[in-house]
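Here are my notebook entries from an afternoon of browsing this model.

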Amino acid sequence: MKLRVLTTALAASLASGVVLAADAAKNYIPDFHGYLRSGIGATGGGGDQSCFQSNGADTKYRLGNECETYMEIVLGKSLWEQNGQSFYVDTRLAYKSAQQNDWSEDPGDGSGSNSDAISGDRAMTAHPYRDSVVSVREANAQFRGVISGQEKSNLWAGKRFYQRHDIHMADFYYWDLSGPGVGLEYWTLGPGDLSLAWVRNTDGPWVNGQGTEFYNDDIVRPNVINNVLSTRYANLTTNKDGSLELGVEYGTADLTNDQDSVTARVLASGEIERLEPFEYNNGWLFTAEHTQGNWFGGFNKFIAQYATGSMAATGNNNTHSSSNAGADFYGLDSAGDPTVLPALDYMWRVIDHGTIALGSRVEMMYAVWYESKTRNSATLNSGLAATGSGGEKNWFSIGIRPQYNWTDTMNTALEVGYDDVAFSNNYAGYGLSAADLADLPVGFDANALRSCATRDDHCVLTKVTLAQQWQAGPSIWARPVIRLFVTYADWNQGNVPQTPGIISAQDTSGVTFGAQVEAWW
Amino acid sequence: MPRSLTVVLVLSLATLAGCAGMGKNSWFAPMESRSPMYTAVSPSAAASQDILNAAAVCCDALSDLRFAPLDTTTTRFYEINAASQAFVFSTGKSLLQAFSIPDDLERATLTIDAVAGATVFVPTVLILDRDFKVTRAIESSSFKYTPAGFMEPQRLRGRVFLDRRQGSELANEKYLVIFTTDKDLRGSTRMISEARLYARARGLADPGLPDPVARHAATGVFRMDVGELETAAPAVSRDYVKQQRGATRYVAPAPAATTATPKAATPPATRKATAKPTAPTKGPQPMLQETQRMYDGMIEESVSAGDMDRAWRLVQEAERAGSTSARTTFVTAVKNK
């Protein structure tokens, strides 16, 4: 609307040559895309909205279960076009806050959300006025049609969301290489489209078996860069409205000479300290995804993934994976010495998700997956004792989100999600010792403090949300939507949901309610 | 308890999938193309064809249509349905909406959005002067598919510029007829699925899904917004010249002209004289070749000097004096600039 006014004003003020002025003004308007979610919520027992996510589960079912404001502003523009080729520049600015106040600033000094010492929701809520982060997530240029006669072919460089694949209802990015990179994508070769990319991400020293004190030291660069080389072959027609995408990714840390060998430094006291080489490991990720369109008015995707070593490390984003993730967990062995969990040996995962439309009023998202991660038993070369050899974590998850359209713009949505994460063979390391537990106050249930993860148990969480929604259209994908929701969750003892501090550690169920807006455009 | 819940979930999922599997082919259409959204959008093109076939033709001449005054105060939805008037155009029988433009509306942009779902009514717009003679036609091809977004449905969007201040034929425009043609009824429009729009907004890989298709139908719904004139005078006249070309082909000439009794008091002679569609209509007598060339030269000169106001004034003056080339000279000059 503003733009329209502006165009008119421009045209009017430049009385002569108005045609050109109006056209010129139009040419400087970029493509505007974006995303936002925000709202207000509360917990039944008092306090801010608690969000429910099981321990060991990398994602949560998101309807009526999101506690933060998150926004992306996307501005892009085709800057040059000729003979079916074009240069497109794309940017994406992301903002996130714990939505506690009108004023939520980014502390910018690492004291709030950026803090290394506290992370996740705790960091977000640590300071009520400094609870936000801003990040430039995309800044890239794309040369479209780089291969003559192939409109889809695209040479790109810069920070980019690279061919991300997600399950919307769980906010689960099961195949996502994003970050700074370069690549050539959708090069039609044979029956499919080939994409090649080199994408970068970087880990801090603590991930590699070193402490954060490396930050105080210029002798050895503390951060470890990880490279992922990606090859994907997509759009292979398999059946009517069905296609297959195959991918192979190799990830490895690229250590500097000093990071890779024994060095020494002089401490403030004058002593000389021996510095061990950094831990790291490599890994592969194999993915096959079958997409079925025209599937009961929606689509179905079936995905099988197998990953080894570093590529097995992170659950929802295969980027920060090339180094020895998992080594950041410190427990105590029987002698009271610190131990480190060994890196992951392999991961496999099977996912099925999609949407279907039932009749002319009901549409439903659904997702089900099983993921298994196994640690290896390698001893770390830093000399620390490894613990939990061969530990396993098996995660089963299933959820549905049906939506009944009362009218074209009002509907009722129900989301039921269930997570069961089974820990075994000391996957999560040691929890509290028997001696620790003996110190508990009388009548206090030990299991409330002993995490289900560290006692090698199942962590189970069920979450049900009922939402009344006003939505810009009948499609389950239509946005914006404004929703009023009530969420109920229950979980087993010791599986305190991952928004800590709002619901008592001894409780095993909770209710939240509130309102949220979600939009993309 | 949680484990039993899993069983229930799996079972209900299986049941739902099973139910869906038993459905007919129509079940395979995505929600966007079969929701009851905008209830006037027909569920099927065939049903709308039946409505068209059953509709009685209201009249033989455009002048006999009922013209509703155009609502300039607010954006409104208009339905094309069984209750709409039907008329036989030379492009086929069609249901229609007819409006009269209020005299005090001097300049405006009419934005017409034909809402697309399972089906879409593909509009063609005729503009008539006070004598019910077609002055120009906005062809269906100028209604472009526009994807859903920010509270906007999937739609075909087109714009009509009105500028009565420019005088001559533009001042004389009075009526608006929105209908569809047989040729358009045979087609369909490929839309972009909402899932694909989501992928663009969130920087995801393209979902690789077939896009929904809206069948063209004889009934439907469109939204019309009457707003500020969004473009400059020369652009209006450029459009105008283009839209004048062949505009009368939509209406069968002979029987309509003779059988109808025109409501407006205009001598039939004038109507005959202006039958040629492309020629400017107001000139009383052809002007001298030399004068015409002189005007053309001055118009070109003004355009190249960037003085659009003067150029446009010259076009109007030349046309008043009977020039047939002033307008095309102007358009060519602007294009070449």
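**Entry 1: a strand of chain A and its two partners**

I looked up A:Ala139 and found that its bridge partner in S5(A) is A:Lys159. This is a predicted model, so I note the limits: local features need pLDDT of at least 70, side-chain atom pairs count only at pLDDT 80 or more, and totals for chains, interfaces and linings use all residues. Residues are numbered from 1 along each chain as its sequence is written, chains are lettered from A and ligands numbered from 1 in the order in which they are written, and side-chain values use heavy atoms, with hydrogens and water left out.

Strand S4 (residues 132-144) of chain A runs antiparallel to S5(A), and the two share six bridges. For my labels, strands (E, at least two residues) and helices (H or I, at least four) are DSSP runs, numbered from the N terminus; two strands pair if DSSP finds at least two bridges between them.

On to S6(A): strand S6 (residues 172-189) of chain A is also antiparallel to S5(A), this time over 11 bridges. There I found A:Gly158 opposite A:Gly181 in S6(A). The hairpin of S5(A) and S6(A) has four residues between the strands, and A:Asp171 takes a positive phi near 55° in it.

How many residues of strand S5 of chain A are buried? I got 10 of 14 for this strand, residues 154-167, so I wrote it down as mostly covered, where buried means under 20% relative accessible area, exposed over 50% and partly exposed in between (1.4 Å probe, protein chains only).

**Entry 2: positive phi within strands**

I then checked A:Tyr186, which has a positive phi of about 55° although it is not a glycine. A:Tyr186 sits in strand S6 of chain A and is buried, with a relative accessible area of 18%.

A:Asn235 is another non-glycine residue with a positive phi, near 60°. I placed A:Asn235 in strand S8 (residues 224-239) of chain A; at 32% relative accessibility, A:Asn235 is partly exposed.

**Entry 3: a cis peptide**

I looked at the peptide bond from A:Arg479 to A:Pro480 and found it cis, with omega near 5°. A:Pro480 lies in the loop between strand S21 (458-471) and strand S22 (481-491) of chain A.

**Entry 4: aromatic rings**

Over all chains, I have 33 aromatic pairs on record. The rings of Phe, Tyr and Trp (its six-membered ring) pair if their centres lie within 6.5 Å; planes under 30 degrees apart count as stacked, over 60 as edge-to-face and the rest as tilted.

I picked out A:Phe87 and A:Phe143, a stacked pair with 4.7 Å centre to centre and 10° between the planes. This pair joins distant parts of the chain, since A:Phe87 is in strand S3 (residues 85-97) and A:Phe143 in strand S4 of chain A, 56 residues apart.

**Entry 5: a nonpolar patch**

Which residues of chain A make the nonpolar surface patch of about 680 Å²? My list is A:Val248, A:Trp284, A:Phe286, A:Phe302, A:Tyr306, A:Trp348, A:Val350 and A:Tyr370. Strands S12 (283-295), S13 (298-308) and S16 (344-358) of chain A each give two or more residues to the patch.Patches are made of residues with over 30% relative accessible area and no salt bridge: like charges are joined within 9 Å, nonpolar side chains (Val, Leu, Ile, Met, Phe, Trp, Tyr) within 5 Å. A salt bridge is a side-chain nitrogen of Lys or Arg within 4 Å of a carboxyl oxygen of Asp or Glu. Accessible areas come from the Shrake-Rupley method with a 1.4 Å probe, and for residues only the protein chains shown count as cover.

I followed up A:Tyr306, which belongs to strand S13 of chain A and is partly exposed, with a relative accessible area of 37%.

**Entry 6: two open sheets in chain B**

I traced an open sheet of five strands in chain B with the order S2-S14-S5-S10-S9 and antiparallel pairing. Strand S2 (76-80) and strand S9 (144-146) of chain B are its edge strands, each pairing on one side only. The twist averages 30° from one strand to the next. Inside this sheet, strand S5 (residues 107-115) and strand S14 (residues 220-227) of chain B pair over six bridges, and B:Asp113 stands opposite B:Arg223.

I found another open sheet in chain B, of three strands in the order S6-S13-S12, with mixed pairing. Strand S6 (119-120) and strand S12 (188-190) of chain B each have a single partner strand, so one side of each is left without a neighbour in the sheet. S6(B) runs parallel to strand S13 (residues 213-216) of chain B over two bridges, with B:Val120 opposite B:His216.

Conventions
Axes are lines fitted to C-alpha atoms, for helices over the stretch in contact, and angles run from 0 to 180 degrees between N-to-C directions.
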